[in-house]
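Trainee: Please take one part of this model and go through it closely. Then tell me how it sits in the rest of the chain.

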Amino acid sequence: MSKEKKPLPDDVLYNKNLRAPVKTEINPAPKARVHQREWAKIMNGDPVEINPSVGSGYKIMTVDEWSARWKRNDDFPDCLECGGKKTKEHHFTQTWCRGKKKWESELLCLDCHSYSWRSYSDPDFMTPEEYEKQRWESLMAEAAP
Ligand SMILES: [Zn+2]
């Protein structure tokens, strides 16, 4: 337990060494597709599906109850709307390709019930497919008479 975890170097962390601004948005409902339908039900007071790991069936839930299993992202704890820190991250993705990164994060604020969106892409980020396409095109260009 006393062994200290060595911190990871900044260049392997998604939220460090950023080379472009983080895009932000505040929305009254999820921007990420995940949970959009459930959120609409919660707001309507309609029952939503119980997490399969705790039970089965449907139940009318409060926002707190529904989001109980989500964790706060301590890299981005602040709500962009009210500045509160009672937030839970419900969506996070990151993609790395050849050392370049791209990520998305969305938080729900339990105080004001707004969704804070943050997304980032290195300016020269390419997906593996885009990279392959570009490499192929430059090979073709070189081969051209
Ligand atoms: Zn808030």
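Mentor: H35 sits in the loop between β1 and α1 (36-44). Helices here are DSSP runs of H or I with at least four residues, strands are runs of E with at least two, and both are numbered from the N terminus. Residue numbers start from 1 along each chain as its sequence is written. The model is predicted, so local features need pLDDT of at least 70 and side-chain atom pairs count only at pLDDT 80 or more, while totals for chains, interfaces and linings use all residues.

Look at the backbone of H35. Its phi is positive, about 75 degrees, although H35 is not a glycine. Most residues other than glycine have a negative phi. H35 counts as buried because it has 20 C-beta neighbours inside 10 Å. The cut-offs are these: 20 or more other C-beta atoms within 10 Å is buried, 12 or fewer is exposed, and anything in between is partly exposed, with C-beta atoms placed from the backbone.

H113 also has a positive phi, near 60 degrees, and it is not a glycine either. H113 lies in the loop between β5 and β6. It is partly exposed, because 16 other C-beta atoms lie within 10 Å. That loop is the turn of a hairpin, with five residues between β5 and β6.

Now follow the strands on either side of these loops. β1 (residues 23-27) runs antiparallel to β6, joined by five bridges. Two strands pair if DSSP finds at least two bridges between them. I26 has S116 as its bridge partner in β6. β6 itself (residues 115-121) is mostly covered, with five of its seven residues buried.

Y115 is worth a stop. Leaving aside neighbours within four places in sequence, its contacts are N27, A29, P30, K31, E106, L107 and L108. A contact means C-beta atoms, placed from the backbone, within 7 Å. Y115 also belongs to the largest nonpolar core, six residues in all: C79, L107, L108, C109, Y115 and W117. β5 and β6 are the elements that give two or more residues to this core. β5 gives the most, with three. Such a core is a set of buried Ala, Val, Leu, Ile, Met, Phe, Trp, Tyr and Cys residues joined through C-beta atoms within 7 Å.

Finally, step back to the whole chain. It has three helices and six strands. From the N terminus they run β-α-β-β-α-β-β-β-α. The radius of gyration is 20 Å, well over the 15 Å that the globule rule gives for 145 residues, so the chain is more spread out than a compact globule. That radius is taken over C-alpha atoms, and the rule is 2.2 Å times the number of residues to the power 0.38. Along the principal axes, the C-alpha atoms fill a box of roughly 70 × 45 × 30 Å. Of the 145 residues, 14% count as buried. Among contacts between residues at least 6 apart in sequence, 48% join residues at least 24 apart.

Note on methods
Contact = placed C-beta atoms within 7 Å.
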